[in-house]
Amino acid sequence: MDIAVVGAGSLGSLLGGLLAREHDVTLVGRDPHMRRVAAEGLRVAGVEQFRVTPAARTDVPDSADLAVVAVKSHDTAAVADQLAGCELGACLSVQNGMGNEATLAAALDCPVLAGTCTYGARLDEPGTVAFTGRGEVVLGPPAGGRSETAERVGAAFGGAGVETTVAADMPRRLWAKLAVNAAINAATALARVENGALADGPGAALAADAARETARVAREQGVDLADERAVELTRQVVRDTAANRSSMLQDVEAGRATEIDAINGYVVAAADEPVPVNETLTRLVRTRERAD
Ligand code: KPL
């Protein structure tokens, strides 16, 4: 399969590197990383070590069987515009936050799939991605159910050795992931702590409150996600990623825009009833962003 990975930062580079063992992959990202990959290939280090030689460029190619979108959620609209001029068989979002698939689907003629990804990656230096944790890609139609496209993309990922589940319940899975991100990302970014600091004490209580509020909003939207399921998933991710610095903490530390609008801000915008914890986290992160 001819696959363009748009957003070759840490996760995009790792997925692209894994897929390149079996498929024709083009990484689309920024220099100097793209320049180094084009010249010397991509080195994957850590859980598995190998070198692959995907194509690498800074703009989207003219065509691909599949575009895997891994950019930050605030860049989705711009990427959707670029991909609209590209002949695509299908598109898969593996991004954080909600609303990405709708933005892509509004601009593209091809089927758009939703995905979640729990692989861990870190971009150490141009041309090298650290594979920090084996996870899973779960993908399927964003509105739920099954599709031939999802099966085909799932088989392509599985064939490249990427742990993959093709799921018929993506709305529930996307809301569950949103609950985890709403619980962990803003709290760790504001308190400037690793995910493990939310394992107990006041951090755990704050994370659980944010997760419960998100589960309630999911149910308001007709998605079956129990409060305690959202809290349990959050606890599990805090345990499994205890040493991680969340993506939002990394964004705040680097003075970059965060994904707050697609995470806690999305919960606030979608809620029928007040969600004071998500609202406060959103306001605080937006205040931090304005100060940078
Ligand atoms: O997805 C994440 C992120 O940092 O964006 C979690 C699951 C919180 C892991 O750090």
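Predicted model: local features only at pLDDT ≥ 70, side-chain atom pairs only at ≥ 80, totals over all residues.
1. On the side of domain 1 that touches domain 2, the elements giving two or more residues are β8 (112–117) and β11 (137–140). β8 gives the most, with four residues. By class, this side of domain 1 has nine nonpolar, nine polar and two charged residues.

2. The salt bridge across the interface. The rule finds one salt bridge between domain 1 and domain 2. Look at Lys72 and Asp251: their side chains meet in a salt bridge, 3.1 Å from N to O.

3. The domain assignment gives domain 1 as 2–166 and domain 2 as 170–291. Their centres, taken over C-alpha atoms, are separated by 24 Å. Domain 1 puts 20 residues into the contact, and domain 2 puts in 17 residues. The area buried between the two domains is about 1500 Å². Carbon and sulfur atoms give 62% of that area.

4. Salt bridges in the whole structure. The search of the whole structure finds 21 salt bridges. One of them is worth a close look: Glu48 with Arg21, the closest N and O atoms being 2.7 Å apart. Glu48 lies in the loop between β3 (42–46) and β4 (50–52), and Arg21 in the loop between α1 (10–19) and β2 (24–28), so this pair ties together parts that are 27 residues apart in sequence.

5. Aromatic pairs. How many aromatic pairs does a search of the whole structure find? There are two. Tyr119 and Phe131 form one that is tilted, with 5.8 Å centre to centre and 40 degrees between the planes. Tyr119 sits in the loop between β8 and β9 (120–125), while Phe131 belongs to strand β10 (residues 128–133), so the pair ties together parts that are twelve residues apart in sequence.

6. A cis peptide bond. Most peptide bonds are trans. The bond joining Asp31 and Pro32 is cis, with omega about 10 degrees. Pro32 lies in the loop between β2 and α2 (33–40). Please check this bond in the model.

7. A positive phi. Most residues other than glycine have a negative phi. Arg192 has a positive value, near 55 degrees. Where does Arg192 lie? This residue is in the loop between α6 (170–191) and α7 (201–220).

8. Glu273 and its surroundings. Glu273 is found in the loop between α10 (264–270) and α11 (276–291). Which residues does Glu273 contact, leaving aside its neighbours within four places in sequence? They are Arg216 and Glu220. From Glu273 to Pro111 the C-alpha separation is 33 Å, and the two residues are 162 apart along the chain.

Conventions. Residues numbered from 1 in each chain as written. Heavy atoms only, no water. Domains from an automatic or database assignment. Contact = heavy atoms within 4.5 Å. Buried area = accessible area lost by both parts, 1.4 Å probe. Salt bridge = Lys/Arg side-chain N within 4 Å of Asp/Glu carboxyl O. Nonpolar A, V, L, I, M, F, W, Y, C, P; charged D, E, K, R; others polar. Phe/Tyr/Trp six-rings, centres within 6.5 Å; stacked < 30°, edge-to-face > 60°.
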